[in-house]
Amino acid sequence: MSAPSEAVEGWVALGSMAEVFGTRACRSMKIEEVQIGLFLVDGQVYAIDDICSHGNARLSEGDVDGFEVECPLHAGLFDLRSGKALTAPLTRDVRSHGVRRDGDALFIKLAD
């Protein structure tokens, strides 16, 4: 897959759904120096910072149940829709990023 490219109004093109996810439901990508976890749940794509706010673990490597992802290092849960920390030992949320689809093309807008 080619590197993401800048699009209009701060949206970054990631590629097609097949390029981004293939047969997986989770993916980690570095976009503008930020490690992003992309999650496909019930046909919707959600994007949050991929590095846990509690420890140095990739959330995209954790177990997903509905709209929650479990950190593989300490088992805390984050909400994929908002990045909100849901359970101990997590005390800080991760950022949630805007995602949009145009046909089969996927775009992301990084949160400030």
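**Entry 1: strand E2**

I looked up strand E2 (residues 12-16) and found that four of its five residues are buried. Here buried means under 20% relative accessible area, exposed means over 50%, and partly exposed lies in between, with a 1.4 Å probe and protein chains only. I took the strands, labelled E, from DSSP runs of at least two residues, and helices, labelled H or I, would need at least four; the numbering starts from the N terminus.

The model is a predicted one: local features need pLDDT of at least 70, side-chain atom pairs count only at pLDDT 80 or more, and totals for chains, interfaces and linings use all residues. Residues are numbered from 1 along each chain as its sequence is written, and side-chain values use heavy atoms, with hydrogens and water left out.

I then asked which strand pairs with E2. Strand E10 (residues 105-109) does so, in the antiparallel sense and over four bridges. Two strands count as paired if DSSP finds at least two bridges between them. In this pairing I found alanine 13 opposite phenylalanine 107 of E10. I noted as background that strands of a sheet pair through backbone hydrogen bonds, either parallel or antiparallel.

**Entry 2: strands E3 and E4**

I moved on to E3 (26-31) and E4 (34-41). E3 is mostly covered, with five of its six residues buried. E3 and E4 run antiparallel and are joined by six bridges. One bridge I looked up links isoleucine 31 to valine 34 in E4.

The two strands form a hairpin with two residues between them.

Glutamate 32 counts as partly exposed because its relative accessibility is 48%. Glutamate 33 has 68% relative accessibility and therefore counts as exposed.

**Entry 3: the sheet E6-E7-E8**

I found an open sheet of three strands in the order E6-E7-E8, with antiparallel pairing. Its edge strands are E6 (64-65) and E8, each of which pairs on one side only. Strand E7 (residues 68-70) pairs with E8 over three bridges in the antiparallel sense. Within this pairing, glutamate 70 has leucine 77 in E8 as its bridge partner.

**Entry 4: a cis peptide bond**

I looked up the peptide bond from alanine 88 to proline 89 and found it to be cis, with omega near 10 degrees. Proline 89 is placed in the loop between strand E8 (77-79) and strand E9 (96-102).

**Entry 5: cysteines**

How many disulfides does a search of the whole structure find? The search finds zero. A disulfide is counted as a pair of cysteine sulfur atoms within 2.5 Å. The sulfur of cysteine 52 has its closest cysteine sulfur in cysteine 71, at 3.7 Å, so the two are too far apart for a bond.
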